[in-house]
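Hi,

Here is the structure I promised to pass on. Have a look at it first, and then read my notes below.

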Amino acid sequence: MTTRQVLPLGVLLLFALLADVCVAAVDASTVSLAPGALPALTVTTSADGSQQYSVTLQILLLMTALSFLPALVIMMTSFTRITVVLAILRQALGMQQTPSNQILVGLSLFLTFFIMSPVLKMANEQALQPYLNEQMAPAEALEKASEPFRKFMLAQTRRSDLDLFLRMAKTVADGPEDVPFVVLVPAFVTSELKTAFQIGFMLFIPFLIIDLVVASILMAMGMMMLSPLVISLPFKLMLFVLVDGWALVIGTLAASFKVV
């Protein structure tokens, strides 16, 4: 079989498997299981009208949700602001590949976990542990887990950005707590980008002054063929090290967040 023949066959097998799973989930409430048989994917309706999913179906939904984990980390945490500021700092220093992207992303991730630790702790205590102890339904646990993230994002989001997306969505909210997630998340990301650019501008100024001074000196000496970046880079690195720049930048970034 060629590759073009194998790919459609694999897609058909996948759809057939999904169809069998859906049929099993629908018929599970009417078909009795033989002793010792594994339970199918079932949905049980409670007395109050809510639905409870079987553990097998919950695992399937959880594995599906894991594919959205990178987007959640980027869009609902402090990761965006930290990454943008560190990228601007590298550009201001005049070094294109040092530190590397892997180092910047790794540092941003660990700083994100450090800054978000109170939010994650609240989500763990209010939602995850009660759900693992079977004291809370999945839907209720998800709602409880979203509350700390909502408070964190609302604390960082500008009112103007929130109003902008509310107008675009043609949605009216009585208060910040009533803003839906589909409106809150893009407003939060927009505010984070604006704040990151403001911090990056302040970081750029001292290094820009060094570039201007070095360029003026080289022009006065008639050394117009020599790139000012080559001469100014050691001075910018020396200045950054002397003022303990990494500690200042990381400390400023961590203090710029309002953790509720």
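At what angle do helix α9 and helix α10 pack, and how far apart are their axes? Helix α9 (residues 181–220) and helix α10 (residues 228–242) pack at about 140°, with axes 9 Å apart. Helices here are DSSP runs of H or I with at least four residues, numbered from the N terminus. Axes are lines fitted to C-alpha atoms over the stretch in contact, and angles run from 0 to 180 degrees between N-to-C directions. So α9 and α10 are oblique to each other (under 35 degrees is roughly parallel, over 145 roughly antiparallel, 65 to 115 roughly perpendicular, and the rest oblique).

Which residues make that contact? From α9 they include Phe-207, Ile-210 and Val-214, and from α10 they include Ile-231, Phe-235 and Leu-239. Contact means heavy atoms within 4.5 Å. By class, the α9–α10 contact has eleven nonpolar, one polar and two charged residues (Ala, Val, Leu, Ile, Met, Phe, Trp, Tyr, Cys and Pro are nonpolar, Asp, Glu, Lys and Arg charged, and the others, Gly among them, polar).

Before you go on, a word on the model. It is a predicted one, where local features need pLDDT of at least 70 and side-chain atom pairs count only at 80 or more, while totals for chains, interfaces and linings use all residues. Residues are numbered from 1 along each chain as its sequence is written, and side-chain values use heavy atoms, leaving out hydrogens and water. The chain's mean pLDDT (the predictor's confidence in each residue, from 0 to 100) is 75, and 75% of residues reach 70 or more. Over residues 1–40, pLDDT stays under 50.

Helix α10 also meets helix α4 (residues 79–93): their axes come within 9 Å and cross at roughly 135°. On the α4 side the contact is made by Leu-89, Ala-92 and Leu-93, and on the α10 side by Leu-233, Lys-236 and Phe-240.

Back in α9, you'll find Thr-195. Is Thr-195 buried or exposed? Thr-195 is buried, because its relative accessible area is 12% (buried is under 20%, exposed over 50%, partly exposed in between, with a 1.4 Å probe and protein chains only). Beyond neighbours within four places in sequence, Thr-195 touches Arg-81 and Arg-158.

Two backbone spots to look up: most residues other than glycine have a negative phi, and most peptide bonds are trans. Thr-98 and Pro-99 are joined by a cis peptide bond, with omega about -5°. Asp-244 has a positive phi, near 55°.

Cheers

Note on methods: Helix = DSSP H or I, 4+ residues; strand = E, 2+ residues; numbered from the N terminus.
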